[in-house]
Amino acid sequence: MDGGSPLERLLRRDRVITIAGVVALCLLAWLYIVAGAGLGMNAWQMSRLALFPHLQTPNMTSDMTSDMPGMDMSGMDMSGMDMSAMAAEPRVLGAANWAPMIAMWWVMMIAMMSPSAAPTILLYARVHRHALAQGQIQDKLAPTGVFMAGYLLVWLGFSVAATALHWLLEREAFVSATMMSSQSRWLSAIVLIGAGLYQLSPFKNACLSHCRAPTAFLARHWRPHAAGALRLGALHGAFCVGCCWMLMALLFVGGVMNLVWVAGLAILVLVEKLFPAGQWVGRAAGIALIAWGGATLLV
């Protein structure tokens, strides 16, 4: 029995191919993060669970001593050395350093956002297949990859902005250059309370509504061909950034490379977007973040 042309067989399997592609991309992104994101850092050592991360910033003097067991520092006169300045010294982000930092943020966004974006990507492929069957379009292959590229390009723009902010916070010693987490009570409190308030805001709810209703989103903004797919993917990415940017800012509190915080935020985003009670979970998280920020000011 003739199962049709190779192209027709491929079209019937586009859902499996799309799922496999999204899963592979997500797994590779997570592996990259766990391996240190190309920055020569140990993500496991930078991962910890702490209610008040700014109190857990490691003492650089003790770290230096423990890392150099053969050196006797007891007889050294360190009265003229500003150890706080050494601890707070920021990395120098030259042209060679910006690229890996942006890559770290971008791959981290791919790892965190791909699972919650997968239903919309799959639905896009299905809508394209239906339109093809109805003779509404002539493109044989759904430009699903182009749609996803548009989505990820928006997160690349976010990653560039996050890297610039990361450098600024390190330069001003609000974020540790070694642990990439907050070492300031005020920064932690402001970000926690700000994220909590944003979770309860109308703008957050508007963006989340688009993410939670991909059928309505595609019906309203659909455009044919690859250019339309790129535009549609970028628009979906813009709504996702609008929905989640303050949650991503929480990484400056707990640690940009802290796997506990990265995984926790990824789960919260997934629940918000895909679960029936996701909006209520997001609002409850907002209230908890505000309380957490208030407690941070007191410790």
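**Close-up views of a predicted model**

View 1. Over residues 16–39 the chain is 79% helix and 0% strand, with the end C-alpha atoms 34 Å apart, where helices (H or I, at least four residues) and strands (E, at least two) are DSSP runs numbered from the N terminus. Residues 280–298 are 89% helix and 0% strand, and their end C-alpha atoms lie 28 Å apart. Both spans come from an unreviewed UniProt entry, which lists them among its residues for "transmembrane region"; such annotations may be inferred rather than shown by experiment. This is a predicted model, in which local features need pLDDT of at least 70 and side-chain atom pairs count only at pLDDT 80 or more, whereas totals for chains, interfaces and linings use all residues. Residues are numbered from 1 along each chain as its sequence is written, and side-chain values use heavy atoms, leaving out hydrogens and water.

**View 2. The buried residues of helix H8.** Within H8 (residues 202–212), Lys204, Cys207, Leu208 and Cys211 are buried, that is, under 20% relative accessible area with a 1.4 Å probe and protein chains only. They cover an arc of only 100° around the axis, which puts them on the same side of H8, the arc being that of the directions from the helix axis to the C-beta atoms. Helices H7 (185–199), H9 (214–221), H10 (225–249), H12 (259–274) and H13 (278–296) pack against these buried residues.

**View 3. The contact of H8 with H10.** The contact (heavy atoms within 4.5 Å) follows from axes that come within 8 Å and cross at roughly 135°. Residues making the contact include Phe203 and His210 of H8 and His236 and Leu247 of H10.

Key:
Buried means under 20% relative accessible area, exposed over 50%, partly exposed in between (1.4 Å probe, protein chains only). Axes are lines fitted to C-alpha atoms, for helices over the stretch in contact, and angles run from 0 to 180 degrees between N-to-C directions.
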